[in-house]
Amino acid sequence: MFVNKLTLVTGGFDPIHSGHIEYFKAASELSDFLVIGLNSDEWLIDKKKQAFQDWDERSNIIKHLDMVSICLLYTSPSPRDRTRSRMPSS
């Protein structure tokens, strides 16, 4: 499949709510393929001291949204987090 434009949205989305869904809708209108980089539970714990919904729950909800093409595990690329990221680096 050829993708003309790709949009990447990243975040914790915890708990996922209607504002996130509207954000995904708007992002999907910018391209042909919407990728959600979903931050890990560890990232949420570092940032918020807890994860309300675990990664599996958040990703399951997100991947079932019609506007989402793919949902990947993502950890923000700060120097401290790079070693924990499961995304390939460029």
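**Note on Phe13 and its surroundings**

1. Leaving aside neighbours within four places in sequence, Phe13 is in contact with His20, Tyr23, Phe24, Ile36, Gly37, Leu38, Gln53, Arg58 and Ile62. The model is a predicted one, and the points below should be read with that in mind.

2. Start with the place of Phe13. The residue sits in the loop between S1 and H1. Phe13 is buried, because its relative accessibility is 6% and the cut-off for buried is under 20%.

3. Next, the backbone. Phe13 has a positive phi of about 50°, although it is not a glycine. Most residues other than glycine have a negative phi. Please look at this residue in the model.

4. The loop between S1 and H1 also holds Pro15. The peptide bond from Asp14 to Pro15 is cis, and its omega is near -5°. Most peptide bonds are trans.

5. Now the rings. There are 2 aromatic pairs in the structure. One of them joins Phe13 and Phe24, with 5.0 Å centre to centre and 75° between the planes, an edge-to-face arrangement. This pair links distant parts of the chain: Phe13 lies in the loop between strand S1 (6-11) and helix H1 (18-28), Phe24 lies in helix H1, and the two are 11 residues apart. Both partners, Phe13 and Phe24, are buried.

6. Tyr23 and Phe24 also pair. Their ring centres are 6.3 Å apart and their planes meet at 35°, so this pair is tilted. Phe13, Tyr23 and Phe24 form one aromatic cluster.

7. Tyr23 is partly exposed, because its relative accessible area is 43%, which falls between the cut-offs of 20% and 50%.

8. On to the core. The largest nonpolar core has 13 residues. Those that touch the most other members are Val9, Phe13, Phe24, Leu34, Ile36, Ile62 and Val68. H1 and strand S2 (33-39) each supply at least two residues of this core. The largest share, 3 residues, comes from S2.

9. How does Phe13 relate to H3? As for Ser59, Phe13 and Ser59 are 46 residues apart in sequence and 9.4 Å apart in space, C-alpha to C-alpha.

10. Lys49 has a positive phi of about 75°, although it is not a glycine. Lys49 is found in the loop between helix H2 (41-48) and helix H3 (55-63). Is Lys49 buried or exposed? Lys49 counts as exposed, because its relative accessibility is 67% and the cut-off for exposed is over 50%. Phe13, which also has a positive phi, counts as buried.

Definitions and conventions. Residues numbered from 1 in each chain as written. Predicted model: local features only at pLDDT ≥ 70, side-chain atom pairs only at ≥ 80, totals over all residues. Heavy atoms only, no water. Phe/Tyr/Trp six-rings, centres within 6.5 Å; stacked < 30°, edge-to-face > 60°. Helix = DSSP H or I, 4+ residues; strand = E, 2+ residues; numbered from the N terminus. Buried < 20%, exposed > 50% of the residue type's maximum accessible area, 1.4 Å probe, protein only. Core = buried A, V, L, I, M, F, W, Y, C linked by side-chain atoms within 4.5 Å. Contact = heavy atoms within 4.5 Å.
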